Amino acid sequence: MTVPPATTRAGLADHRQGLAFLGLLVAVTCWSGNALVARAFYDEIPPLGLSFWRWVLATGLLLPFVMRSIWRHRSALLAAGWRLPVLAACGIASYNSLLYSAAQSTEAINLTLVNTCLPLATFLGAGVLLGEWPLRRAWFGMAVAAAGLLYLISRGSWATFSSLSFKTGDLLMLAAVLIWALYTLLLRRWACFLPIPPLTLLGVLMLLGVPLILPFYLLELNRVGGFAATPGNLGAIAYTAVFASLIAYLAWNHGVKVLGAAKAAMTSYLMPVITAALGWLLLGEALQPFHWIGGALIFSGLLLATRPAFRQHD
């Protein structure tokens, strides 16, 4: 029996969206590991040093594979013009530098709490900048996921939640979250100006982003010095370069292109769940009841938020 073309197209679309969502999960998992690395090595590697050498290594690994493609697509890249430096400044230079700087002066639980602003900022920005307004079920799903995240952060205790305090690093993290939301939205909005392969785009953004970090890294180097080239420090940089940079950014950019900025941002709610799971697997930290309850709420809200379609307004 021949499958009707419409059914075939619908099946292909579902398959494509499923792969995109899987890619977002891969990105969030890589970034959860990045958060663990940032916490583990903040005394060993200064924040801008980690950001700079992370991207230098990632660029060096990627460029041999994309230089020919960059040259072939030079006309499209020139046509994109000023949009490329803006994307590089937001997604490459600013976000991770601010995140690593924030980790120097505030607890990881505060960073996770501030990160809850990302889906809301992206939901609102998607409506204003892209004309993609989520349906009511998506808003409800976001609220359920946020409740699960707050329950996870508070460890199921109101006393723990009410005792949370905020520091300078929290403001840096808030700035990082808003910049990442802007990067995600602009990546979606300017997709028509970037008809180039994902690897090529990432390579160009890296080439533009590294020089933007350099002056701030040199200032930090002059003020606080560098870091020892120990196996642990080099391994931390290697992880951030390969997994948190190359793999995660490719998966994230593809997910944003297929699913949209707001839906992609919702997956950030999974970071504390994945971080807790990694802590259990790698560090032997026990999973408590609040992990399971909070995780269940987050997954439920994520399913509610990502299933409905978005209303499009030209």
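Analyst: Let's start with a term you'll need: a helix axis is a line fitted to C-alpha atoms over the stretch in contact, and angles run from 0 to 180 degrees between N-to-C directions. Helices themselves are DSSP runs (H or I, at least four residues), strands are E runs of at least two, and both are numbered from the N terminus. The model here is predicted, so local features need pLDDT of at least 70 and side-chain atom pairs count only at pLDDT 80 or more, while totals for chains, interfaces and linings use all residues. Residues are numbered from 1 along each chain as its sequence is written, and side-chain values use heavy atoms, with hydrogens and water left out.

User: How many helices and strands are there in the protein?

Analyst: The protein has 14 helices and 2 strands. A contact means heavy atoms within 4.5 Å. Among contacts with a separation of 6 or more, 90% join residues 24 or more positions apart.

User: At what angle do helix 4 and helix 10 pack?

Analyst: About 65 degrees, with the axes of helix 4 and helix 10 (residues 198–224) 8 Å apart. For handedness, a crossing is left-handed if the near helix is turned anticlockwise from the far one by less than a right angle, and right-handed if clockwise. Helix 4 passes helix 10 in a right-handed crossing.

User: Which residues in helix 4 and helix 10 meet?

Analyst: On the helix 4 side they include Leu84, Leu87, Ile92 and Ser97, and on the helix 10 side Leu201, Val204, Gly209 and Ile213. For classes, Ala, Val, Leu, Ile, Met, Phe, Trp, Tyr, Cys and Pro count as nonpolar, Asp, Glu, Lys and Arg as charged, and the others, Gly among them, as polar. This contact has 14 nonpolar, 2 polar and no charged residues.

User: What does the side chain of serine 101 reach?

Analyst: A polar contact is a pair of N or O atoms within 3.5 Å; within protein, one must be able to donate a hydrogen and the other to accept it, and residues adjacent in sequence count only if both atoms are side-chain atoms. Serine 101 lies in helix 4 (residues 83–102), and its side chain reaches the backbone oxygen of serine 97 at 2.8 Å. Leaving aside neighbours within four places in sequence, serine 101 is also in contact with Pro47 and Leu172.

User: Is threonine 240 buried or exposed?

Analyst: Buried means under 20% relative accessible area and exposed over 50%, with partly exposed in between (1.4 Å probe, protein chains only). Threonine 240 has a relative accessible area of 0%, so it is buried. Threonine 240 sits in helix 11 and touches, among others beyond four places in sequence, Asn34, Arg54 and Tyr100. Over the 314 residues of the protein, 49% count as buried.

User: Which residues have the most contacts inside the largest nonpolar core?

Analyst: A nonpolar core is a set of buried Ala, Val, Leu, Ile, Met, Phe, Trp, Tyr and Cys residues joined through side-chain atoms within 4.5 Å. The largest one has 67 residues, and Trp31, Tyr183 and Trp252 have the most contacts inside it. Helix 11 (residues 231–259) gives the largest share of this core, 12 residues. Apart from it lies another core, of 11 residues, including Leu130 and Met266.

User: Where is tryptophan 180 found?

Analyst: Look in helix 9 (residues 168–189). Tryptophan 180 has a relative accessible area of 3%, so it counts as buried. Beyond four places in sequence, its contacts include Trp31, Tyr95 and Trp252.
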